[in-house]
Amino acid sequence: MQSTKEKVKNMASAAKEQVDVYKAKIDEKAEMATARTEEERVIAHEHAKANEAKAKMELHEAKARHAAEKLGTKQSHPLVGTHNQTQYEYQHESLGVVPTYPSHPLEGNLPRNKHI
């Protein structure tokens with residue numbers, strides 16, 4: 001299901017695409033009016049088709065980008081993909097000694113023994 005933010009962005013992209021298609025049609029009419037030969041008319045029509053296809057391609061790219069943004073915000077986690085070194089690691093790196101890591105976290109509660 002789409003979020004409201006994504007829907008609004010998609011609607012804005014669709015409106016931009018419609019404006020671009022309309023501009024392509026107006027440019028085609030202007031080129032047709034100034035065309036003197038049949039070949040120039042065909043070229044004007046081809047330019048209009050190319051501009052319409054470009055506008056549709058940009059619409060699909062924008063929709064894909066919006067979906068990716070939504071997916072990225074859903075799956076992002078502040079600690080995933082980052083490596084935060086602790087003070088313990090920095091001390092041993094400066095000495096050139098390979099650190100040995102404790103089996104439990106340095107902060108917070110220790111793991112509980114479920115048999116006690």
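Modeller: Happy to. In this predicted model, the buried residues of helix H1 are Glu6, Asn10, Ser13, Glu17, Asp20, Val21, Ala24 and Glu28. Residues three or four places apart in an α-helix point the same way, because each turn takes 3.6 residues. Helix H1 itself covers residues 4-34, which is 31 residues. From its first C-alpha to its last, H1 reaches 45 Å, close to the 45 Å expected at 1.5 Å a residue.

As for the setting, the protein chain has three helices and zero strands, in the order α-α-α from the N terminus on. Of the 116 residues in the chain, 16% are buried. Among contacts with a separation of 6 or more, 57% are between residues 24 or more positions apart.

Now to the charged side chains. Side chains of opposite charge can pair when their charged atoms come close. The model holds six salt bridges, and one of them joins Lys9 to Glu69, at 2.7 Å from N to O. Lys9 lies in helix H1 and Glu69 in helix H2, so this pair ties together parts that are 60 residues apart in sequence. Both ends are partly exposed: Lys9 has a relative accessible area of 29%, and Glu69 has 35%.

Helix H2 also has pairs of its own. Glu46 and Lys49 meet in a salt bridge at 3.8 Å, N to O; they are three residues apart in H2, and so about one helical turn separates them. Glu46 is partly exposed at 40% relative accessibility, as is Lys49 at 43%. Salt bridges with shared partners also join Lys16, Asp20 and Glu58 into one network, and Asp20 is one of the buried residues of H1.

His47 is partly exposed, with a relative accessible area of 42%. The C-alpha atoms of His47 and Lys25 are separated by 9.6 Å, and the two residues are 22 apart along the chain.

Terms used:
Residues numbered from 1 in each chain as written. Predicted model: local features only at pLDDT ≥ 70, side-chain atom pairs only at ≥ 80, totals over all residues. Heavy atoms only, no water. Helix = DSSP H or I, 4+ residues; strand = E, 2+ residues; numbered from the N terminus. Buried < 20%, exposed > 50% of the residue type's maximum accessible area, 1.4 Å probe, protein only. Contact = heavy atoms within 4.5 Å. Expected span 1.5 Å × (residues − 1). Salt bridge = Lys/Arg side-chain N within 4 Å of Asp/Glu carboxyl O.
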